[in-house]
Amino acid sequence: MLVKDAMTKEAIVCSAETSLREVVALFRKHHIGGLPVTDGTELVGIITESDLIALLETERISDDLWLPSPFEIIEVPIREYINWEKTKHALRNIGDMPVKKVMTHRVVTASEDMDVEAAAALMLKEGIARLPVLRAKKIVGIITRADIINAIGSSYPGKTGADAE
């Protein structure tokens, strides 16, 4: 079976200028975990849940925060408070950030004529869950792990599971 037979043909995309708040809304509305990012019709990146979660990492506390030994008992809570304050500040500013500042620029893609098995192997090799599908550098769809599972399942005739009873 070919990718063009299994892919989602109307890929939902966003522009590089789309805010992360809008991206999260698209993820929730369409029950998806990633979007190809375009500049006009050109694929320029991909934004995924992993990219967003990576934003929540806080910077390491500087080693110059030192309290004298009588106060060492309160040093750890102070460090935790500083980390929490940095996290809260980061979360406030994330929503307005444009996708281009967070997206993955190196996009692994598939072609329509690729075998589904080859697409699955590529996803496993690269550790990714979706591949934008291109035709002459234009996005014509997206294939996800779920699309591949559905394609494999539909290729076996007959009843299975609960339908078999």
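**Entry 1: the model.** I am working with a predicted model, in which local features need pLDDT of at least 70 and side-chain atom pairs count only at pLDDT 80 or more, while totals for chains, interfaces and linings use all residues. Residues are numbered from 1 along each chain as its sequence is written, and side-chain values use heavy atoms, with hydrogens and water left out.

**Entry 2: the whole chain.** I looked up the secondary structure and found six helices and six strands, where helices (H or I, at least four residues) and strands (E, at least two) are DSSP runs numbered from the N terminus. Along the sequence they follow the pattern α-β-α-β-β-α-α-β-α-β-β-α. Of the 165 residues, 32% are buried, a word I use for under 20% relative accessible area, with exposed meaning over 50% and partly exposed in between (1.4 Å probe, protein chains only).

**Entry 3: helix 6.** Which residues of helix 6 are buried? In this helix, residues 145-154, I noted Asp147, Ile148 and Ala151 as buried. Seen down the helix axis, these buried residues fall within an arc of 100°, so they line one face of helix 6; the arc is taken from the directions from the helix axis to the C-beta atoms. An α-helix has 3.6 residues a turn, so residues three or four places apart point the same way. On the face turned away from the buried side I found the exposed residues Ile149 and Asn150. The cover over the buried residues includes helix 1 (3-6), helix 5 (116-126) and strand 6 (138-144).

**Entry 4: strands 5 and 6.** I then turned to strand 6, where five of the seven residues are buried. Strand 6 runs antiparallel to strand 5 (residues 130-135), and six bridges join the two; strands pair if DSSP finds at least two bridges between them. Pro132 stands opposite Ile142 in strand 6. The hairpin of these strands has two residues between them, and there Ala136 takes a positive phi near 50°.

**Entry 5: Ser19.** Is Ser19 buried or exposed? Ser19 lies in the loop between strand 1 (14-15) and helix 2 (20-30), and I count Ser19 as buried because its relative accessibility is 13%. Leaving aside neighbours within four places in sequence, Ser19 is in contact (heavy atoms within 4.5 Å) with Gly95, Asp96, Met97, Pro98 and Val99. I also noted a polar contact of 3.1 Å between the side chains of Ser19 and Glu22; such a contact is a pair of N or O atoms within 3.5 Å, and within protein one must be able to donate a hydrogen and the other to accept it, while residues adjacent in sequence count only if both atoms are side-chain atoms.
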